[in-house]
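Biologist: I am new to this structure and would like to learn how to read it. Could we go through it feature by feature?

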Amino acid sequence: MSLKKRQLSTLKEKILSEKERILNAFDEAGEERFHLSTEDRLDEVDQATSEYERSQMLRFRNRDLFYVKKLNKALEKIASEEYGVCEDCDSTIKFERLMARPTAELCISCKDEAEREEQANFVTRQSKSMGKKIDLVGAR
Ligand SMILES: [Zn+2]
């Protein structure tokens, strides 16, 4: 049981509008920064703040760029008629699931399994970065 043509085109529209929303947000954010840096002469403290803001912005952008990449991949899959098929077990991913998460590459049962593993990895990563923070404080 695969996705119907009408369902696919609904999903494709959803993916395209998601992509547009993110790319538009990029443009606005970029413009704001440009105005700020040309109008203000930054002293050292402001410089540091803006470095921090810039790194925060980059992180935000990286996350969104990653999502845009996934959206692009989904579009490619639609074009090659591989969209909506679980990468793990080849079963059809439910339309409702794809509407909620158009970049889904796994069916719900494979995703549940992957999420449990991710959860375990996340806890490990978090405790690692906590350790880093403590190191930084200690170095001062
Ligand atoms: Zn699966």
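**Reading the predicted model**

Modeller: Confidence in the protein chain is lowest in helix α4 (residues 108-139), with a mean of 75, and highest in α3, at 96. The score is pLDDT, the predictor's confidence in each residue, from 0 to 100. This is a predicted model, in which local features need pLDDT of at least 70, side-chain atom pairs count only at pLDDT 80 or more, and totals for chains, interfaces and linings use all residues. Residues are numbered from 1 along each chain as its sequence is written.

Biologist: What pLDDT does the protein chain average?

Modeller: The average is 83, and 78% of the residues score at least 70.

Biologist: How many helices and strands does the protein chain have?

Modeller: Helices (H or I, at least four residues) and strands (E, at least two) are DSSP runs, numbered from the N terminus. Here there are four helices and zero strands, in the order α-α-α-α from the N terminus.

Biologist: What share of the residues is buried?

Modeller: A residue is buried if 20 or more other C-beta atoms lie within 10 Å of its own, exposed if 12 or fewer, and partly exposed in between; the C-beta atoms are placed from the backbone. In the protein chain, 8% of the 140 residues are buried.

Biologist: Which residues form the largest nonpolar core?

Modeller: A nonpolar core is a set of buried Ala, Val, Leu, Ile, Met, Phe, Trp, Tyr and Cys residues joined through C-beta atoms within 7 Å. The largest one has eight residues: Leu11, Ile15, Ala74, Tyr83, Ile93, Leu98, Ala104 and Cys107.

Biologist: Which residues is Ala104 in contact with?

Modeller: Two residues are in contact if their C-beta atoms, placed from the backbone, lie within 7 Å. Setting aside neighbours within four places in sequence, Ala104 contacts Ile93, Arg97 and Leu98. For the protein chain, 58% of the contacts between residues at least 6 apart in sequence join residues at least 24 apart.

Biologist: Where is Val85 found?

Modeller: Val85 lies in the loop between α2 (44-79) and α3 (95-100). Val85 counts as partly exposed because it has 18 C-beta neighbours inside 10 Å. Beyond residues up to four places away in sequence, Val85 touches Asp90, Thr92 and Ile93. Val85 and Ser2 are 83 residues apart along the chain, with their C-alpha atoms separated by 8.1 Å.

Biologist: Why does Asp88 count as partly exposed?

Modeller: Asp88 has 14 C-beta neighbours inside 10 Å, so it falls in that class. Asp88 is also in the loop between α2 and α3. Leaving out neighbours within four places in sequence, Asp88 contacts Leu106 and Cys110.

Biologist: What is the phi of Glu81, and of Asp90?

Modeller: Most residues other than glycine have a negative phi. Glu81, not a glycine, has a positive phi of about 60 degrees. Asp90, not a glycine either, has a positive phi of about 65 degrees. Glu81 is placed in the loop between α2 and α3, and Asp90 is in the loop between α2 and α3 as well.

Biologist: Is Glu81 buried or exposed, and is Asp90 buried or exposed?

Modeller: Glu81 counts as exposed because it has 11 C-beta neighbours inside 10 Å. Asp90 has 8 such neighbours inside 10 Å, so Asp90 counts as exposed.
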